[in-house]
Amino acid sequence: MARRLRPVGLDFVETAPVRLVFAQEMSAPPERVFHALNDDVPGWAEWFDAVTHAESVDDGAGRDIRLKGGGRFRETVIAAKEAEVYAYRVDLTNAPGAHAIAEEWRLVPSGGGTRVQWTFAVDGTAPFRLAVRAARAGLGRAFRGAVVELDRRLSR
């Protein structure tokens, strides 16, 4: 059963009640990383292990995402600035207790590569917020593994 979440903007990434922030270095330059995030949405399922299906919808303004374990998300892209930031909010999900979710991928040049910072920002019921906080270590591992795999793919 899909639930409609509260629409949020990019500012929610900084103001959400729960914010998990992770960072990882990549050897690929920001332009290539941005292209993989923004222009190759189906490719997410190839490098982000938790993603089983990713599809661009609404002429690139949105995404349909499915995760291992059955999570489903209909998202709207809220920021796509070449080689700097890619962010989206969740509009519909089957995640119980969620009220608002946004994710931001911030890209910063670092040497010849990129420092990728991912912020997972949420609001929801107290049990949902607690579950997200408890998932911090697993989300961090998933993010780091995804960045390593994406970097590997972009270096080919």
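1. G60 sits in the loop that links strand 3 (51-57) to strand 4 (62-67). The model is a predicted one, and the points below should be read with that in mind. G60 is partly exposed, its relative accessible area being 35%. Its C-alpha lies 8.2 Å from that of N38, a residue 22 places away from G60 in sequence.

2. The loop between strand 3 and strand 4 also holds D59. This residue is exposed, because its relative accessibility of 88% is over the 50% cut-off. The phi angle of D59 is near 55 degrees, a positive value in a residue other than glycine. Most residues other than glycine have a negative phi.

3. A83 is placed in the loop between strand 5 (72-81) and strand 6 (85-93). Is A83 buried or exposed? With a relative accessibility of 12%, A83 counts as buried, since the limit for that class is under 20%. D59, by contrast, counts as exposed.

4. The overall fold may be described next. The chain has 5 helices and 8 strands, and their order along the sequence is β-α-β-α-α-β-β-β-β-β-β-α-α. The radius of gyration is 15 Å, close to the 15 Å that the globule rule gives for 156 residues, so the chain is as compact as a globular protein of that length. Along the principal axes, the C-alpha atoms occupy a box of roughly 40 × 30 × 30 Å.

5. Several totals describe the chain as a whole. Of its 156 residues, 45% are buried. Where contacts join residues at least 6 apart in sequence, 54% of them link residues at least 24 apart. The accessible surface amounts to about 7700 Å², and carbon and sulfur atoms account for 51% of that surface. As to charge, there are 22 positive and 21 negative side chains, with the centres of the two sets 7 Å apart.

6. Helix 5 covers residues 136-154, which is 19 residues. From its first C-alpha to its last, helix 5 reaches 27 Å, close to the 27 Å expected at 1.5 Å a residue. Which residues of helix 5 are buried? They are G140, F143, A146, V147, E149, L150, D151 and L154; charged residues are among them, including E149 and D151. The elements against which these buried residues pack are strand 2 (18-26), helix 2 (30-38), helix 3 (44-47), strand 7 (98-110) and strand 8 (113-124).

7. W47, in helix 3, gives a residue-level view of the packing between helix 3 and helix 5. W47 is buried, with a relative accessible area of 5%. Beyond the residues up to four places away in sequence, W47 touches L37, W105, A146, E149, L150 and R153. K81, which is 34 residues from W47 in sequence, stands 22 Å from W47, C-alpha to C-alpha.

8. P29 is located in the loop between strand 2 and helix 2 and is partly exposed, at 28% relative accessible area. Residues up to four places away in sequence being left out, P29 touches G112, G113 and T114. P29 and L154 are separated by 125 residues in sequence, yet their C-alpha atoms are 9.3 Å apart.

9. T119 belongs to strand 8 and is buried, with a relative accessible area of 0%. Its contacts, apart from neighbours within four places in sequence, are V13, R19, L20, V21, A102, E103 and E104. T93 belongs to strand 6 and also counts as buried, at 1% relative accessibility. The C-alpha atoms of T93 and F48 are 19 Å apart, and the two residues are 45 places apart in sequence.

Terms used
Residues numbered from 1 in each chain as written. Predicted model: local features only at pLDDT ≥ 70, side-chain atom pairs only at ≥ 80, totals over all residues. Heavy atoms only, no water. Helix = DSSP H or I, 4+ residues; strand = E, 2+ residues; numbered from the N terminus. Rg over C-alpha atoms; globule rule 2.2 N^0.38 Å. Buried < 20%, exposed > 50% of the residue type's maximum accessible area, 1.4 Å probe, protein only. Contact = heavy atoms within 4.5 Å. Areas by Shrake-Rupley, 256 points an atom, 1.4 Å probe, with all protein chains shown as cover. Charge placed at Lys NZ, Arg CZ, Asp CG, Glu CD. Expected span 1.5 Å × (residues − 1).
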